[in-house]
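Please keep the structure open beside this note while you read. The points below take up one topic at a time.

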Amino acid sequence: MRRIAVVGAGQAGLQLALGLLGAGGYEVTVVSARTPGELLGGPVLSTQAMFGPALRVERAAGLDEWEATAPQVRSVDAALVPEPGVRALEFTMTLDEPAQSVDQRIKMARRLSLVEERGGRVEYRELDRAGLAELAAAHELTVVAAGRGELAGIFERDAARSPFDAPQRRLTALYAHGVGAPDPAAGPRARMHALPGLGELYLQPALTLSGRCDILLWEALPGSPLDCFGDRPPGGEQLRRMRELMAFHLPWEAELWAEAEPTDAGASLYGAITPVVRRPVARTTGGVPVLGIGDAVVVNDPITGQGANSAALAADAYLRAVLERGDAPFTEEWMTALFEEFWDRHARHGVALTAALLTMPDHLQAVFAAAAAHEPVARRLASTYASPADHADWLATADLTAAYLASVGAPAPDGH
Ligand SMILES: Cc1cc2nc3c(=O)[nH]c(=O)nc-3n(C[C@H](O)[C@H](O)[C@H](O)COP(=O)(O)OP(=O)(O)OC[C@H]3O[C@@H](n4cnc5c(N)ncnc54)[C@H](O)[C@@H]3O)c2cc1C
């Protein structure tokens, strides 16, 4: 049996651990800072929209147990709000495959229990660098899946790949019951509103501890009037402020929130993420190389919903690489090559797409304008969120975008 340790019990770590246990031949230890009970009784962790490619990976791994209960989101209604109360450029982005959001508190609590049921060992403690050194010395491979926690600091920031050095948005999210739907007969749909100079609002139906709910993710430009949750108010006050701002900027949305209530005492989330890419391998204080995965090495702002998707795809890629490695040693060179392959094939595109959405260059604005009039553009945009590698083929430069828009008869970006 090969001995493998996974530090961190989130999307990346638990999926990888369960994959190894499913494959057989691995003695797996997971170190988790939180017990299932602490997760279930604690605050929400993410808004965790997952798209088709990541959900397919979970399905193939037998980790799709919420598919019948979680709302299946087939489209996203997008609108530009150029000034308070005005909706412009409305269009619907139809997804190639349904997306879904299952509260990570439910998901990770269940997966922690599954690790133990399937013969893995879970150590409940918050690991520090000394603990990591001890753990790594006792295992053939140690994967650090500790998310944005302090431990990720062992991986050096890769300046050339890190697009920003400060948060581009201040985030707040709320899980709520009682939110109306613009067209209840249309089935579960997500909604996004872009407010130039202020930020973006994303709404999506999801599954939480108390059943179906709606999640509002509030992406405020730092210093803008939407950036008013720095004091992290409790859910009731958070909702009151959100309603007040919606009543001014998006009165049609405020109406839908008239009867809303936070789902539970942990329904609110606050933060600000500095997008960062780190080097994938670090050495412990004992000199043993450890491998990073998920948010521990690639962190995106959630504006494009890439993080959990990328973590799921990374867990799948790392699992395959470990299985292919057979009995050979897990060397630093192997770790680096594994990450580079994943970076090249997937992660770099999510980083680039997210950076583009955060900064909205002119050619991307032209894409959104074109999407309102040309259904194929809206569909391709939706599909790029789910499979960001397509970003390189049509959104990476103004020339690529101009060529694509011309091919569908849409107006070119300014200057083309
Ligand atoms: C507001 C918000 C909204 C988001 N929305 C989306 C979205 O819609 N779609 C999407 O794909 N992504 C979204 N994300 C990002 C997504 O949640 C993360 O990218 C994803 O959860 C990363 O998974 P991970 O396993 O790498 O890390 P995490 O999920 O952060 O898991 C890390 C785990 O490690 C544990 N840990 C940390 N340090 C230690 C330690 N020292 N010892 C032991 N355990 C430790 C933590 O407790 C945690 O359980 C969002 C994030 C935020 C903040």
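1. Strand E7 (residues 141-144) and strand E16 (residues 289-292) run parallel and are joined by two bridges; two strands count as paired if DSSP finds at least two bridges between them. Val 144 stands opposite Gly 292 in E16. Strands here are DSSP runs (E) of at least two residues and helices are DSSP runs (H or I) of at least four, numbered from the N terminus.

2. This is a predicted model, in which local features need pLDDT of at least 70 and side-chain atom pairs count only at pLDDT 80 or more, while totals for chains, interfaces and linings use all residues. Residues are numbered from 1 along each chain as its sequence is written.

3. An open sheet with mixed pairing is formed by six strands, in the order E6-E2-E1-E7-E16-E15. Because strand E6 (121-124) and strand E15 (281-283) stand at the edges with a single partner strand each, one side of each is left without a neighbour in the sheet.

4. Leu 16 touches Val 6, Val 143, Ala 145, Ile 293, Ala 315, Tyr 318 and Leu 319, not counting residues up to four places away in sequence; contact requires C-beta atoms, placed from the backbone, within 7 Å.

Note on methods
Two residues are in contact if their C-beta atoms, placed from the backbone, lie within 7 Å.
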